[in-house]
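Load the model in your viewer and keep a selection tool ready. The stops below say what to select next and what is there.

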Amino acid sequence: VPFAGWTLPLHYGQGHLQSHLHTRRHCSLFDVSHMLQTLVYGRDRIRFMESLVVGDIAELKPGQGTLTLLTNEKGGITDDLIVTNTSENHLYVVSNAACADKDLAILRDRAAQLQATGSDVHLEVSDNALLALQGPSMARVLQAGLSDDLAKLSFMNSIATTVFGVPGCRVTRCGYTGEDGVEISVPAGRAVELAEQLLGVPDVWLAGLAARDSLRLEAGLCLYGNDIDETVTPAEAGLMWTLGKRRRAAMDFPGAAVIMAQVKEKPRRRRGGSGAGTGMTLSCGHGMGEGWPAPLTSPYPHTPGTVTSGCPSPCLGKNIAMGYVEAAHSRAGTELTVEVRKKQHPAVITKMPFVPTQYYMAK
């Protein structure tokens with residue numbers, strides 16, 4: 001199917017349900033090479049990055065990464081991305097394919113502005129492929145091709161290494177499924193070779209966009225363009241945890257005044273339900289993969305919110321969804337009604353993630 005200018009597989013030989021459950025029970029390989037990978041060099045690289053995103057990049061240890069947000073002057077989210085402070089003296093940035101052109105334009109414009117004032121920063125767009133290996137069997141499968149000890153690599157940490165004989169790779173312990181997993185940045189000319197090595201293990205199946213979407217929704221993770229966009233602020237999206245204490249105090253990122261005012265006054269709408277990271281479980285028994293955004297209604301003649309993502313949960317056997325609800329209706333346990341294809345179904349606000357996450361923290 002068309003996706004962000006690419007043609008990507010929805011699923012491979014196995015159907016969506018089998019692929020999703022296999023990822024939860026074993027592990028799957030996702031080709032996510034459509035995502036933008038950017039390298040930021042120069043002594044002013046951290047100051048450059050912090051002028052664009054809300055995260056505390058300066059506090060990242062060598063090899064450590066963080067999810068952060070590119071914001072605009074109105075406090076809206078331009079993109080969500082992962083920034084890693086590599087041990088090789090550069091920043092490694094992975095951002096969404098759908099936002100690649102606008103992200104790159106923003107990065108290049110800001111770099112040019114800083115360079116004009118004598119700052120030392122420059123960008124390089126990586127042409128590496130990106131493979132995501134996700135699921136409880138990942139560590140066993142990948143360890144066979146690594147000299148590094150995966151047990152020492154915590155969630156959101158990264159190493160430059162050789163993987164199954166392919167040099168020049170970067171392994172980052174992260175992913176979009178809620179499972180223990182890695183993303184492997186690999187030189188494009190050897191990506192097929194590495195993929196075939198991994199797929200030689202019976203536990204590893206190829207997985208496509210359908211499983212990627214249902215897995216991330218069970219894990220309570222946002223999809224840019226659906227659940228967050230330039231009209232949504234971090235406070236509304238329940239993503240204030242991405243703002244470090246120092247950055248909140250300094251208010252030196254785009255849209256800081258708007259975002260911090262919302263924090264003080266409390267936003268009028270929130271993603272899902274009570275507190276950061278809540279969502280809706282929908283008790284109707286119909287497929288819900290189309291037709292978003294769908295309106296949410298209360299028992300009164302009022303529309304307090306909108307559903308932005310939804311699908312049948314393969315693990316829970318019921319429909320789940322994520323959306324925005326007025327603060328007065330956002331408490332967990334609140335009963336609402338969701339309208340799907342002109343039919344109304346009962347829904348209840350519930351905490352996320354819907355399925356417990358399995359991120360790995362090294363001891």
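**Stop 1: the annotated spans**

Select residues 305-355: this stretch is 0% helix and 65% strand, and its end C-alpha atoms are 23 Å apart. Helices (H or I, at least four residues) and strands (E, at least two) are DSSP runs, numbered from the N terminus. In UniProt, an unreviewed entry gives residues 305-355 the annotation "domain: Aminomethyltransferase C-terminal". UniProt positions are in the numbering used here, feature names are shortened, and annotations may be inferred rather than shown by experiment.

Now select residues 2-244, where UniProt (unreviewed entry) places "domain: GCVT N-terminal". That span is 24% helix and 28% strand, with its end C-alpha atoms 37 Å apart.

The model is predicted: local features need pLDDT of at least 70, side-chain atom pairs count only at pLDDT 80 or more, and totals for chains, interfaces and linings use all residues. Residues are numbered from 1 along each chain as its sequence is written, and side-chain values use heavy atoms, with hydrogens and water left out.

**Stop 2: the five-stranded sheet**

Select β5, β6, β7, β4 and β8, which in that order form an open sheet with antiparallel pairing. Two strands pair if DSSP finds at least two bridges between them. β5 (64-71) and β8 (122-125) each have a single partner strand, so one side of each is left without a neighbour in the sheet. On average, neighbouring strands here are turned by 25° against each other, direction ignored. Axes are lines fitted to C-alpha atoms, for helices over the stretch in contact, and angles run from 0 to 180 degrees between N-to-C directions.

Zoom in on β4 (residues 36-41), which pairs with β8 in the antiparallel sense over four bridges. Thr 38 stands opposite Val 125 in β8.

**Stop 3: the six-stranded sheet**

Next comes an open sheet of six strands in the order β10-β11-β12-β9-β3-β13, with mixed pairing. Its edge strands, β10 (158-163) and β13 (204-206), each pair on one side only. Neighbouring strands in this sheet are turned by 30° against each other on average, direction ignored.

β9 (residues 129-134) and β12 (residues 181-186) pair in the antiparallel sense over six bridges. Within that pair, Ala 132 stands opposite Glu 183 in β12. Helix α5 (residues 191-199) packs on the sheet, touching β3 (27-31), β9, β10, β11 (166-172), β12 and β13, and its direction makes about 10° with that of β9. Contact means heavy atoms within 4.5 Å.

**Stop 4: two crossing helices**

Select α1 (residues 16-25) and α6 (residues 209-218), whose axes come within 9 Å and cross at roughly 55°. That angle makes α1 oblique to α6; angles under 35 degrees count as roughly parallel, over 145 as roughly antiparallel, 65 to 115 as roughly perpendicular and the rest as oblique. Show side chains: His 16, Ser 19, His 20, Thr 23 and Arg 24 in α1 meet Ala 210, Ala 211, Ser 214, Leu 215 and Glu 218 in α6.

**Stop 5: two backbone details**

Which peptide bond is cis, with omega near 0°? The bond from Met 352 to Pro 353 is, and Pro 353 is found in the segment after β20 (343-351). Finish at Phe 164, in the loop between β10 and β11. Phi of Phe 164 is near 50°, a positive value in a residue other than glycine.
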